[in-house]
Amino acid sequence: QVQLVESGGGLVQAGGSLRLSCAASGRTVSSYVMGWFRQAPGKVREFVAAISSRGAGTMYEDPVKGRFTISRDNAKNMVYLQMNSLKPEDTAVYYCAADVGRSYLTADHRGRLLYAYWGQGTQVIVSS
């Protein structure tokens, strides 16, 4: 079992920055792909970013490319999402997820099915 707890969300003005953190416990996630998703009110949960087990590989959804950076600290069992140049359309609940079956990224990591464990989410609100 893996427990994931997100933190770092909040209210920020457009153009500002936030850094989300995801703390994993229960077992080490250093061998697994980790991802971030988000869900805005009335919308489906969508992929934001993912990172391979050692951090060498990353992937991003187009709307956040160049603004968001996913990273990890395997020694601390942590995953991060640095969000810069935030826009009102980034407003959503952000979820951390773990794929405990793979260490490398595939195109399927843009979907939800490979991720077996999810956090409870952290709210991000970007005001205009």
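How many salt bridges does a search of the whole structure find? The search finds six, where a salt bridge means a side-chain nitrogen of Lys or Arg within 4 Å of a carboxyl oxygen of Asp or Glu. Before we visit some of them, a word on what you are looking at. This is a predicted model, in which local features need pLDDT of at least 70 and side-chain atom pairs count only at pLDDT 80 or more, while totals for chains, interfaces and linings use all residues. Residues are numbered from 1 along each chain as its sequence is written, and side-chain values use heavy atoms, with hydrogens and water left out.

Four strands form an open sheet in the order β1-β3-β8-β7, and their pairing is antiparallel. Strands here are DSSP runs of E with at least two residues, numbered from the N terminus, and two of them pair if DSSP finds at least two bridges between them. At the edges of the sheet lie β1 (3-7) and β7 (68-73), each of which pairs on one side only. On average, neighbouring strands are turned by 15 degrees against each other, direction ignored; the axes behind this angle are lines fitted to C-alpha atoms, and angles run from 0 to 180 degrees between N-to-C directions. Further in, β3 (residues 18-25) and β8 (residues 78-83) run antiparallel and share six bridges.

Now back to the salt bridges. Glu46 and Arg38 form one of them, with their closest N and O atoms 2.7 Å apart. Arg38 is buried at 7% relative accessibility, whereas Glu46 is partly exposed at 36%; buried means under 20% relative accessible area, exposed over 50%, and partly exposed in between, using a 1.4 Å probe and protein chains only.

Another salt bridge joins Arg110 to Glu61, with 2.9 Å between the closest N and O atoms. This pair links distant parts of the chain, 49 residues apart: Arg110 sits in the loop between β9 (92-99) and β10 (117-118), and Glu61 in the loop between β6 (58-60) and β7. Arg110 is partly exposed at 36% relative accessibility, and Glu61 is partly exposed at 30%.

A further salt bridge brings Asp99 and Arg102 together, at 2.8 Å from N to O. Asp99 is buried, with a relative accessible area of 1%, while Arg102 is partly exposed at 25%. Finally, salt bridges with shared partners connect Arg38, Glu46, Arg67 and Asp90 into one network.
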